[in-house]
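Open the model in your viewer and keep the sequence panel beside it. The tour goes from the whole chain to single residues, one selection at a time.

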Amino acid sequence: MKASSRTCSLHLRFAAEALVKLLRWHFGHSEFRGRQLEAIEAVISGRDCFCLMPTGGGKSMCYQIPALSKTGIVLVVCPLIALMENQVMALKEKGIAAEYLSSTQTAEARNKIHEDLECGKPSLRLLYVTPELIATPGFMSKLTRIHARGLLNLIAIDEAHCISTWGHDFRPSYRKLSSLRSRLPNVPILALTATAVPKVQKDVIESLCLQDPLVLKSSFDRPNIYYEVRYKDLLNDPYVDLTTLLKSCGHVCAIVYCLERTTCDDLAAHLLKSGISCAAYHAGLNSKLRSSVLDDWISSKTQVVVATVAFGYDCISNFSEVEYYLPLEFCCAHICCVQSSGL
Ligand SMILES: Nc1ncnc2c1ncn2[C@@H]1O[C@H](COP(=O)(O)OP(=O)(O)OP(=O)(O)O)[C@@H](O)[C@H]1O
């Protein structure tokens, strides 16, 4: 091995050790998982990266660690205000300077963030925004000013598949993110997604004008998860079958998804009568009741929540905190079961 390449690999090892220290210090995780370190090293070195990782695979760490490794700002584009709020709250609890900008905030809170961004040395490390905000000329000119001062270290695009018209979640405002490369040149872009077939992947890379990106694809195999399909038509009584299944799983934490609110109420009442600690959750309940159902489920006071998809939107970021995760799709044609323990 030549002396220069030895120096280079030593340098990389030391850099990786420093990144692991950041991970341990700020997040309490002992090692990087899957391909996180490769993504982090790529963007820190200034390279674009396309990162395909399963849900819960730890994509956020790929931009949160870079944000902690250098002063300046990491801009995170996120499609849902609820997700931004959750992430920012979790980061603040860890003492990390993160904020989000959205219409749900007071003008005072927004002004405070803008003041920090405009000051000589912003304290902010992570700024979460929606794609709609990026598309406004006022915010884009603020970004160009930050960029001109050399303070924009990375742009992370979460749920990047939303940019693709081929994707199932196409969102027109994501398309406008294609101007980021020309307006903010030389800032590395990290595109993150859990759902990208090759056509979508190509579309994301082209739309965002990623240059020679490092393409990372993690395995989607999670041996602790299995799917089982039971045909409702073939069951004598689906409610009884579900009750037996839940009881046979022991005291697991579970979600039962239903298509309709009335089915949630009906099934929850049935499970309760059968001695399963359970509550319904859907958009027809007021927010106070919804959050008390969520709190009881997270703290294991309630074992099972019978919910519409409203449940996923409100508490998606808490799933990984739960020891057992047993969602069951309880729809017209079939019942689909997924069981996992942690990740
Ligand atoms: N290296 C690691 N070691 C242990 N746990 C980790 C590691 N990296 C991330 N995690 C944890 O994994 C969980 C999921 O992480 P994260 O929310 O970043 O996943 P994600 O890929 O963004 O998921 P989603 O697709 O739902 O957005 C979090 O609780 C996080 O703290």
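Into which domains is the protein chain divided? Domain 1 covers 13–217 and domain 2 covers 232–317; such bounds come from an automatic or database domain assignment. Colour the two domains separately. Their centres, taken over C-alpha atoms, are separated by 34 Å.

Two notes on reading the model. Residues are numbered from 1 along each chain as its sequence is written. The model is predicted: local features need pLDDT of at least 70, side-chain atom pairs count only at pLDDT 80 or more, and totals for chains, interfaces and linings use all residues.

**The whole chain**

Switch to a cartoon view. The protein chain has 14 helices and 13 strands. Helices (H or I, at least four residues) and strands (E, at least two) are DSSP runs, numbered from the N terminus. Of the 343 residues in the protein chain, 33% are buried. A residue is buried if 20 or more other C-beta atoms lie within 10 Å of its own, exposed if 12 or fewer, and partly exposed in between, with C-beta atoms placed from the backbone. Two residues are in contact if their C-beta atoms, placed from the backbone, lie within 7 Å. Among contacts in the protein chain with a separation of 6 or more, 72% are between residues 24 or more positions apart.

Select residues 36–44, which form helix α2. Which residues of α2 are buried? They are Q36, A39, I40, A42 and V43. Look down the axis of α2: these buried residues fall within an arc of 165°, so they line one face of the helix. The arc is that of the directions from the helix axis to the C-beta atoms. As background, an α-helix has 3.6 residues a turn, so residues three or four places apart point the same way. After α2 comes G46, with a positive phi near 95°.

Two packed helices are described by the angle between their axes and the distance between the axes. The crossing of α2 and α3 is right-handed, a term used when the near helix is turned clockwise from the far one by less than a right angle; anticlockwise is left-handed. Show side chains where the helices meet: Q36, A39, I40, V43 and I44 belong to α2, and M61, C62, I65, P66 and S69 to α3.

Then select S60, in the loop between β1 (49–52) and α3. S60 counts as buried because it has 20 C-beta neighbours inside 10 Å.

**A buried strand residue**

Go to strand β3, residues 98–100, and pick Y100. Is Y100 buried or exposed? Y100 is buried, with 25 other C-beta atoms within 10 Å. Leaving out residues up to four places away in sequence, Y100 touches M84, E85, V88, Y128 and V129.

**Two loops**

Select L208, in the loop between α10 (198–207) and β7 (214–217). L208 is buried, with 23 other C-beta atoms within 10 Å. Beyond residues up to four places away in sequence, L208 touches I157, I163, L177, S178, R181, I189 and A191.

In the loop between α10 and β7 you will also find D212. D212 counts as exposed because it has 7 C-beta neighbours inside 10 Å. Most residues other than glycine have a negative phi. D212 is not a glycine, yet its phi is positive, about 40°.

Another such residue is N186, whose phi is positive at about 70° although it is not a glycine. Look for N186 in the loop between α9 (179–183) and β6 (189–193). N186 is exposed, with 9 other C-beta atoms within 10 Å.

**Last stop: strand β8**

Select residues 226–231, strand β8, and pick out Y227. Y227 is exposed, with 9 other C-beta atoms within 10 Å. Draw a distance from Y227 to E85, C-alpha to C-alpha: they are 31 Å apart in space and 142 residues apart in sequence.
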